[in-house]
Every structure is written in structure tokens, then in C-alpha cells.
Amino acid sequence: MEAEIVTIGDELLLGTVVDTNSAWLGQELSQLGVMAKYRTTVRDDPESIEDALRRALSRADLVITTGGLGPTVDDATKRSVTKIMKTRLVLDHRVLRAVERHFEERGAPMPVISTQQALVPQGAKVLYNPVGTAPGLFFSSGEKLLFLLPGVPAEMKSMFEGAVVPVLR
């Protein structure tokens, strides 16, 4: 199995944040016998994300993205994936409840914008985030596997170990 790691975020290209996710994922995939053939970084731009994902899916069996899943305006990964997978975003009430619980447990009011976390592409399997609010997503289409993981390293690692590794094994 060959993989491509796609990291998403203007901050990665501007150098304000160092991309440790792709290095960590490369090591973990290697230990599972999966060769990361490509590594791509794109900005928070729907067209750039869509282009990178189309290319990645054309040349790799496994594509793992990190970043672009948050509740902010520039987080465009889910919207880009809906175009590629020819689907639409739908409100997932279980995800919404998980996000609400996250804030309740911290005694903080949930910002209205966090409701966007519960919009998921129809047909995707939701990967719940035990550390943060952005759920991951999983698509399987024929021989292709696509995982969308949060960009926050602790969230990405937790989700990779808990949700991605079992599928790959």
C-alpha cells in the first residue's frame, strides 16, 4: 500500500507553524508497513485542497490529511471533499452533541461557530475526537482510503492511533 500525506494550512506554508504531523505520520505508517510515497502541503484554499486531494487519490491507495477541519472560515477541507466525493454536508446530531459536551465539561459556553463541527459530508464515517472538537472523517471508495484528521498534533495522533491504525491493520 502506498500513501500520501496532505497537510493543510496557510500557517504551514508561511512557516509560522512547523509541520510535525507529516513526519510523525510517515514514521507511524512505515511501522505499519505502509510507504508514504508523497507528502503535500497546501494552503487553506478550497481549490488548492481539492486539487491536492484529487492528485493524491489518483496516485496513492491511502490518503491522510491533517488540518482544515476546524470551525473557522478558512477551514475548507470538508467543503472540498464534498466536491470530490459528489456529496453534501449534513448536520450530524451525534457530533453536535459531542461538541456540546466538550464545552459543558469545561464549563464554557459553546461558540455558535462550533456548530460547524457537526456538519459532515454525507457518506463519511465520523471519527470522534477524544481530545478536541473537530471530528475526523473516513471515506472508503473501492481500493482507496481517505482519512481526514485534525491539524492539532495531539488530536491527530489520538485519532490516528484510535481510528486509523485499526483500519490499516
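Me: What makes up the lining of the second largest pocket, and which residues lie nearest its centre?

Reply: In this predicted model, 15 residues line the second largest pocket. Ala-98, Val-99, His-102, Asn-129 and Gly-132 lie nearest its centre. Helix 5 (residues 93-105) gives the largest share of that lining, 6 residues. The space inside comes to about 210 Å³.

Me: How do you know which residues of that lining are nonpolar, polar or charged?

Reply: The class follows from the residue type: Ala and Val count as nonpolar, Asp, Glu, Lys and Arg as charged, and Gly is among the polar ones. Sorted in this way, the lining of the second largest pocket has 8 nonpolar, 4 polar and 3 charged residues.

Me: Let's turn to helix 6. Why is Met-159 called buried?

Reply: Met-159 is found in helix 6, and its relative accessible area is 2%. Buried means under 20%, so Met-159 with its 2% is called buried.

Me: Which residues does Met-159 touch?

Reply: Leaving out residues up to four places away in sequence, Met-159 touches Leu-127, Tyr-128, Asn-129, Ala-134, Pro-135, Gly-136, Leu-149, Pro-150 and Val-164. A contact here means heavy atoms within 4.5 Å. Met-159 and Pro-130 are 29 residues apart in sequence, yet 7.7 Å apart in space, C-alpha to C-alpha.

Me: Why is Lys-86 called exposed rather than buried?

Reply: The relative accessibility of Lys-86 is 73%. Exposed means over 50%, so Lys-86 counts as exposed. You can find Lys-86 in the loop between helix 4 (77-84) and strand 4 (89-91). Lys-86 has a positive phi of about 55 degrees, although it is not a glycine.

Me: What makes strand 6 and strand 7 a pair?

Reply: Two strands pair if there are at least two bridges between them. Strand 6 and strand 7 (residues 136-141) have 3 bridges and run antiparallel, so they count as a pair. Leu-127 stands opposite Gly-136 in strand 7.

Me: How do you know that strand 7 also pairs with strand 8?

Reply: The same cut-off of at least two bridges applies, and these strands have 5 bridges in the antiparallel sense. Leu-137 stands opposite Leu-148 in strand 8. Strand 7 and strand 8 form a hairpin with 2 residues between them, and Gly-142 in the turn has a positive phi of about 60 degrees.

Me: Which way does strand 3 run against strand 8?

Reply: Strand 3 (residues 62-66) and strand 8 (residues 144-149) run parallel and are joined by 5 bridges. Leu-62 has Leu-145 as its bridge partner in strand 8.

Me: What makes strand 2 and strand 6 edge strands?

Reply: The open sheet has 6 strands in the order 2-1-3-8-7-6, with mixed pairing. Strand 2 (35-42) and strand 6 (125-127) each pair on one side only, and they are the edge strands. On average, neighbouring strands of this sheet are turned by 20 degrees against each other, direction ignored.

Methods: Residues numbered from 1 in each chain as written. Predicted model: local features only at pLDDT ≥ 70, side-chain atom pairs only at ≥ 80, totals over all residues. Heavy atoms only, no water. Helix = DSSP H or I, 4+ residues; strand = E, 2+ residues; numbered from the N terminus. Axes fitted to C-alpha atoms, helices over the stretch in contact; angles between N-to-C directions. 1 Å grid on protein atoms, 1.4 Å probe; cavity = no way out; pocket = protein on both sides within 12 Å on 5 of 7 lines; lining within 4 Å. Points joined across faces, edges and corners; volume = space filled by probe spheres on them. Buried < 20%, exposed > 50% of the residue type's maximum accessible area, 1.4 Å probe, protein only.
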